[in-house]
Amino acid sequence: MSRPAAIALTALAPISWGTTYAVTTEFLPADRPLFTGLLRALPAGLVILALARTLPRGIWWWKAAALGALNIGAFFPLLFLSAYRLPGGMAAVVGSVGPLFVAGLAAAFLTERPTLRTLLTGIAAALGVSLVVLKAAGALDAVGILAALASTASMSTGTVLTKRWGRPEGVGPLALTGWQLTAGGLLIAPVALFVEGAPPALDSRAVGGYLYLALANTAVAYWLWFRGIGRLSATQVTFLGPLSPLTAAVIGWAALGQALGPVQLAGMALAFGATVFGQLGAPTRATQSFSSAERNGRKDSMAVTIPALRR
């Protein structure tokens, strides 16, 4: 597959995540962020495991658990906590520094040295997102800021480690996605039960919303995301992240009647330009790097196939 095609497919993941706010506010029960995170992750992970029919083996049990914790189990609760405690859009602004986090981590773990171009592009992306989503100033909450930073650091670390560790021989992105979603969902489950109590009653709109989030917004989107990490550089992948708040802003304008003024439009242009610019001149050795990671893990990370009925 050509690099432009890989970029386009990977970009569908953050675009899909940009629909989460509209679906949550219009279809789902209020004030149940952890329950929503749980239903996004665990059912999707179990469905993918049933399709892939592959479990981790050896060292990949703890690697899958670690990646699931970073990309899902810790990321979802921290993201929701920051969104609830910070003024409108501030969590997205803090999250938009993800490319800078990844650039630093990639330098340490992947030998992808950050360039001045990368740093300036990351700053431009964060500034553009700020112009799009940041509303009138409100009191900033220290816990909310720390949660937003921690969620960004968690996802950034998960992205870099996913790239560094690769996959066991014979295991595709689908199985790797299922491992992480299942592990992350199992981590969220006790937290959701302790904090929010028993699950709420669901009407048909909520069931439809949760089905969309679990299947399209999570199972398919995370499969595309982890697949993209295997084909592109870590920095290149993370520069697609600003497409999520940009998509949310467009949906808010088109479907929810939210205004987009000149400042927001300028921010969208800046963030989108940074996203495109971040894809140019990316390392051509991304795929080879991933294949090397696969080879390094072959000795102790072979997968075991789950016995299952034939279709």
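**Ser156.** I started with Ser156 and looked up its contacts beyond four places in sequence: Gly98, Phe101, Val102 and Leu105. The model I am reading is a predicted one. Ser156 belongs to helix 9. I note Ser156 as buried because its relative accessibility is 4%, and the cut-off for buried is under 20%.

**Helix 9.** I then checked the length of this helix. Helix 9 covers residues 142–165, 24 residues in all, and at 1.5 Å a residue it should span 34 Å. I found its end C-alpha atoms 34 Å apart, so the two values agree. Just after helix 9 comes Gly166, with a positive phi of about 65°.

**Positive phi elsewhere.** I wanted cases other than glycine, because most residues other than glycine have a negative phi. Asp31 is one of them, with phi near 60°. I place Asp31 in the loop between helix 2 (20–27) and helix 3 (33–52). Its relative accessibility is 54%, so I count Asp31 as exposed. Arg53 also has a positive phi, near 55°. Arg53 sits in the loop between helix 3 and strand 1 (54–55).

**The whole chain.** I stepped back for the totals. I count 15 helices and two strands in the chain. The chain has 311 residues, and 49% of them count as buried. For contacts between residues at least 6 apart in sequence, I find that 91% join residues at least 24 apart. The accessible surface comes to about 14,300 Å², and carbon and sulfur atoms account for 69% of that surface.

**Cores.** Which residues have the most contacts inside the largest nonpolar core? I list Trp17, Ile72, Phe76, Tyr222 and Trp225, in a core of 29 residues. At least two residues of this core come from each of helix 1 (3–17), helix 3, helix 5 (75–85), helix 10 and helix 11. I noted another core lying apart from this one, with 13 residues, including Met90, Val93, Val94 and Ala148.

**Tyr222.** Leaving out residues up to four places away in sequence, Tyr222 touches Trp17, Ile72 and Phe76, among others. The rest of my list for Tyr222 reads Arg40, Asn71, Phe75, Met155, Thr177 and Leu181.

**Ala216.** I next looked at Ala216, which is in helix 11. Its relative accessible area is 30%, so I record Ala216 as partly exposed. Beyond its neighbours within four places in sequence, I find Ala216 in contact with Ser16, Leu211 and Ala221. I also looked up the gap to Arg40: the two C-alpha atoms are separated by 9.8 Å, although the residues are 176 apart along the chain.

**Surface patch.** Leu211 came up again when I turned to the surface. Leu211 forms a nonpolar patch there with Leu202, Val207 and Leu215, and together they have about 330 Å² of accessible area. As a reminder on spacing, residues three or four places apart in an α-helix point the same way, because the helix has 3.6 residues a turn. Where does Leu202 lie? I find Leu202 in the loop between helix 10 (173–196) and helix 11 (204–231). With 36% relative accessibility, Leu202 goes into my notes as partly exposed.

How values were computed: Residues are numbered from 1 along each chain as its sequence is written. This is a predicted model: local features need pLDDT of at least 70, side-chain atom pairs count only at pLDDT 80 or more; totals for chains, interfaces and linings use all residues. Side-chain values use heavy atoms; hydrogens and water are left out. Patches are made of residues with over 30% relative accessible area and no salt bridge: like charges are joined within 9 Å, nonpolar side chains (Val, Leu, Ile, Met, Phe, Trp, Tyr) within 5 Å. Accessible areas come from the Shrake-Rupley method with a 1.4 Å probe; for residues, only the protein chains shown count as cover. A salt bridge is a side-chain nitrogen of Lys or Arg within 4 Å of a carboxyl oxygen of Asp or Glu. Helices (H or I, at least four residues) and strands (E, at least two) are DSSP runs, numbered from the N terminus. Buried means under 20% relative accessible area, exposed over 50%, partly exposed in between (1.4 Å probe, protein chains only). The expected span of a helix is 1.5 Å times one less than its number of residues. A nonpolar core is a set of buried Ala, Val, Leu, Ile, Met, Phe, Trp, Tyr and Cys residues joined through side-chain atoms within 4.5 Å. Contact means heavy atoms within 4.5 Å.
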